[in-house]
Amino acid sequence: MKVLIVNDDGIESEGLRVLAERVGKEHEVYVIAPDSNRSATSHHVVMFQDLELKKFKRNQWSCSGMPADCTSVGLTSDFFDFDFDVVLSGINCGANMGTDVIFSGTCAGARQAVLNKVPGIALSIDPIDWEKAHKEGFKYVALADFVTNNLESLISLCTEKYPGTFVNINAASLNAYKGVKLNKKLCIRDYPDKLTIIKSETGIFSHFNSQIDNPTPVEKETDLDAVQKGYISISCIYVEPVAADIVDCISFKV
C-alpha cells in the first residue's frame, strides 16, 4: 500500500522515524511532518499564508504548517501523482486518550484524512512514568510492529465497521503487550494546567504552566484503563460533530 505518515511532534521525532522504518519494510511510505513540534495544536489549519515544504530525506518532507496541513498537502494537492491508501499519524510521544482528542494534533492528522475520504489512524505512546521513560528511552517498536502487522484490519475498522471515524490507538511504552482492547468508553481528562499572569513595564504577559502528572481517574473499561493494564487500546472516533437530542421544552423569543 501507499502510506502517508504525518505527526505533531515534528519531522525529527523518534516515534515517526521508528514508524516509517517499520511500515516501510512492507509498504511504500511517504512522510510529511511539521518542521518543529506542533503538539496540542488541535485541528488548526493554516489559511492566510503559504506552506513551505523542504526535503528532509528520501520520500520525506518537513512542512511549515500544522499536522492537519501535512495531511492535506498529501491528499488534496498535486504534490504526489498518486492516491494514498491510508494516513498514519504518529507515533506520538504522550497519550491521546479521551479529552486529549480535542487538543491533539496527532488526532487531527488522522481526522483530516477521513474528512478527505482516506482512512486515518492515530498512534500514541503513554509513558505512564515520564521520569522513567526519559531515563530508559521511549519504546515505540512494539506498537509500530502491531500497526504494520494489522494494517488492513485497522483500515477496515474505519471504512467498513465504523465508517466516518478515525482509529485512535494508545499503548504504554512497553516492549510487548498483553493483547488488544476495543474501547467504546473514553476517559475524561482533568487538566491541572494554569496560566500565570506576569505584569511588566512593557505589557502584561501570560505564562503556561503545564502539569505532566494528570490526575485522571481510571474508570473501568476505558482507554486509559486498558493502557495502564498493559493492553493496546483501540477506539473509533467520529470525525463529524454530533449534536445532542434537544427536548422541545424551552420557549425562545424571536
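A salt bridge here is a side-chain nitrogen of Lys or Arg within 4 Å of a carboxyl oxygen of Asp or Glu, and the structure holds 11 of them. Keep in mind that this is a predicted model: local features need pLDDT of at least 70, side-chain atom pairs count only at pLDDT 80 or more, and totals for chains, interfaces and linings use all residues. Residues are numbered from 1 along each chain as its sequence is written, and side-chain values use heavy atoms, with hydrogens and water left out.

**Salt bridges**

- Arg189 and Asp100 meet through their side chains in a salt bridge, 3.0 Å from N to O. This one links distant parts of the chain, 89 residues apart: Arg189 is in the loop between strand E8 (180-182) and strand E9 (194-200), while Asp100 is in helix H3 (residues 100-103). Helices (H or I, at least four residues) and strands (E, at least two) are DSSP runs, numbered from the N terminus.
- Both Arg189 and Asp100 are buried. On this scale, buried means under 20% relative accessible area, exposed over 50%, and partly exposed in between (1.4 Å probe, protein chains only).
- Glu219 pairs up with Lys185 in another salt bridge, with the closest N and O atoms 3.3 Å apart. Again distant parts of the chain are linked, 34 residues apart: Glu219 comes from the loop between strand E10 (203-209) and helix H8 (223-228), and Lys185 from the loop between E8 and E9.
- Glu219 is partly exposed at 35% relative accessibility, and Lys185 is partly exposed too, at 40%.
- Arg22 counts as buried at 15% relative accessibility, whereas Glu26 is partly exposed at 46%.

**Aromatic pairs**

- Rings of Phe, Tyr and Trp (its six-membered ring) pair if their centres lie within 6.5 Å; planes under 30 degrees apart count as stacked, over 60 as edge-to-face and the rest as tilted. That rule gives 12 aromatic pairs.
- Take Trp61 and Phe79: their ring centres are 5.0 Å apart and their planes sit at 85 degrees, so the pair is edge-to-face.
- Trp61 is in strand E4 (residues 60-63) and Phe79 is in the loop between helix H2 (67-76) and strand E5 (86-93), so this pair ties together parts that are 18 residues apart in sequence.
- Trp61 is buried, at 14% relative accessible area, but Phe79 is partly exposed, at 34%.
- Trp130 and Phe138 make another edge-to-face pair, 5.8 Å centre to centre with 65 degrees between the planes. Trp130 is partly exposed at 24% relative accessible area, while Phe138 counts as buried at 15%.
- One aromatic cluster takes in Tyr30, Trp61, Phe79, Phe80, Phe82 and Phe84.

**Charges over rings**

- A charge sits over a ring if NZ of Lys or CZ of Arg is within 6 Å of the ring centre and within 35 degrees of the ring normal.
- Lys2 has its charged end over the ring of Phe82, 5.2 Å from the centre.
- Lys181 does likewise over the ring of Tyr231, 4.7 Å from the centre.

**A nonpolar patch**

- Val45, Met47 and Phe48 make a nonpolar surface patch of about 380 Å². Patches are made of residues with over 30% relative accessible area and no salt bridge; like charges are joined within 9 Å, nonpolar side chains (Val, Leu, Ile, Met, Phe, Trp, Tyr) within 5 Å.
- Accessible areas come from the Shrake-Rupley method with a 1.4 Å probe, and for residues only the protein chains shown count as cover.
- Phe48 is in the loop between strand E2 (28-34) and strand E3 (53-57), and counts as exposed at 78% relative accessibility.
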